[in-house]
Amino acid sequence: MHVGVDSFVAAVTDPTTGRRIGPEERMAHLLEEIALADRVGLYSFGIGEHHRAEYYDSAPPVILGAAAARTERIRLGSAVTVLSAADPVRVFQQFATLDLVSGGRVDLVVGRGSFTEAFPLFGLDLADYDELFEEKLDLLLRLRESERVTWSGRHRPALRGQGVYPRPLQDPLPVWVGVGGTPQSFVRAGLLGLPLMVAIIGGEPRRFAPLVDLYRRAGAQAGHAPERLQVGLHVFGFVAESTQAAADTIYPGWHEMFASISRERGFATPTRAQFDATSGPDGAFFMGDPDTVAEKLVRVSAQLGGVDRISLQMTNPRLAHDDLLRGIELLGTEVAPRVAGV
């Protein structure tokens with residue numbers, strides 16, 4: 001099992017001083033975090049994509065290009081690229097270029113995203129939510145297969161054999177499908193034989209077992225070899241010296257983040273009791289000291305029939321930079337070695 005970190009590059013207010021960290025300083029902190037993840041041996045670092053005031057990750061390939069120049073071994077990827085709202089030609093060109101810059105260390109994780117701001121921003125109709133992703137994923141995979149593509153669809157001008165350059169170092173460029181809890185999404189990924197990245201942000205991870213099994217059965221029925229049907233997890237989590245310290249460090253920012261989203265969507269304001277329950281042995285959050293987090297990683301992998309990689313989303317708007325650095329260090333030096341043989 002490979003272990004990594006995902007970041008949504010949240011705007012941060014220092015929890016000790018109350019000072020708002022400016023975007024330039026936040027980017028510098030982020031690159032320091034990625035460089036540390038590389039040094040302590042973590043497998044991957046992913047950057048999300050959002051088009052909201054509280055995040056600075058609207059252009060992941062730019063951030064990942066800067067990270068590639070500061071790292072040597074760690075794989076770099078999107079978490080996720082909102083393909084529905086993007087041009088697949090430009091996405092392919094950007095990540096192929098990034099693959100060359102990084103020396104073949106790129107993973108492109110594509111999905112539909114959990115927020116909808118990108119659709120009106122780029123002149124797209126939310127009513128086309130599913131069709132946009134399906135059509136654009138088809139084109140992206142065609143571009144991956146051949147430098148010259150003849151293709152037509154509803155949501156982008158046709159291609160008539162034009163060349164798309166540059167070509168990536170990795171052949172093929174790894175493309176993962178990011179999914180939530182929709183069975184059709186799991187089946188689609190299985191039928192295409194694409195690796196699966198499952199976002200688990202609530203509930204109990206073991207409840208995803210039937211969906212992961214559905215993905216594997218769809219892939220097998222389509223004739224794909226088992227080794228192609230990789231499963232990854234994107235989860236919230238944090239590692240500290242003790243489980244109590246991890247929870248107390250993360251909770252203020254978690255509450256701020258989810259209280260805001262709950263107001264937007266008409267949900268009840270989350271409570272500390274909900275947070276603690278979700279951080280428990282069967283909950284979706286991977287929170288605690290190194291032993292606790294490692295044990296949970298192993299347990300959840302077994303519940304889902306084997307997991308190839310897990311990425312912890314460890315950033316939030318009230319998390320001090322030094323605390324995040326320590327969390328990354330513990331994840332790389334203490335947690336990852338404990339689960340490497342799983």
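Okay, let's start with a helix pair: the axes of helix H1, residues 23–39, and helix H2 come within 10 Å and cross at roughly 50°. Before I go on, this is a predicted model, where local features need pLDDT of at least 70, side-chain atom pairs count only at pLDDT 80 or more, and totals for chains, interfaces and linings use all residues. Residues are numbered from 1 along each chain as its sequence is written, and side-chain values use heavy atoms, with hydrogens and water left out.

Some terms, quickly. Helices (H or I, at least four residues) and strands (E, at least two) are DSSP runs, numbered from the N terminus. Axes are lines fitted to C-alpha atoms, for helices over the stretch in contact, and angles run from 0 to 180 degrees between N-to-C directions.

So, back to the pair. H1 and H2 are oblique to each other, given that angle; on this scale, under 35 degrees is roughly parallel, over 145 roughly antiparallel, 65 to 115 roughly perpendicular, and the rest oblique. The crossing of H1 and H2 is right-handed, as the near helix is turned clockwise from the far one by less than a right angle. On the H1 side the contact uses Met27, Leu30, Leu31, Ile34 and Ala35, and on the H2 side Ile63, Ala66, Ala67 and Arg70, where contact means heavy atoms within 4.5 Å. By class that's eight nonpolar, no polar and one charged. For the classes, Ala, Val, Leu, Ile, Met, Phe, Trp, Tyr, Cys and Pro are nonpolar, Asp, Glu, Lys and Arg are charged, and the others, Gly among them, are polar.

Next pair: H3 and helix H5, residues 129–145. Their axes are 9 Å apart, and the packing angle is about 45°, so H3 and H5 are oblique to each other. H3 passes H5 in a right-handed crossing too. Who touches whom? From H3 we have Pro88, Val89, Val91 and Phe92, and they meet Lys136, Leu139, Leu140, Leu143 and Arg144 in H5. That contact has seven nonpolar, no polar and two charged residues.

Everything here is on a 1 Å grid over the protein atoms alone: a cavity is a set of points where a 1.4 Å probe fits but cannot get out, a pocket is an open set with protein on both sides within 12 Å along at least five of seven lines, and lining residues have an atom within 4 Å of a point. Points are joined across faces, edges and corners, and a volume is the space filled by probe spheres set on them.

The second largest pocket holds about 260 Å³. It has 16 lining residues, and Glu49, Ser58, Ala86, Val91 and Gln94 are the closest to its centre. H2 (60–70) and H3 (88–102) are the elements giving two or more residues to that lining, with H3 giving the most, four residues. The lining splits into nine nonpolar, four polar and three charged.

As for cavities, there are two of 30 Å³ or more. The largest has about 80 Å³ of space, and its lining includes Phe236, Ile250, Trp254, Met257 and Phe275. Strand E10 (231–239) and helix H8 (243–265) each supply at least two lining residues, and H8 has the largest share, three. That lining has eight nonpolar, four polar and no charged residues.

The second largest cavity is about 40 Å³. Its lining has four charged residues, three nonpolar and two polar, with Glu204, Arg206, Asp282 and Lys296 among them.
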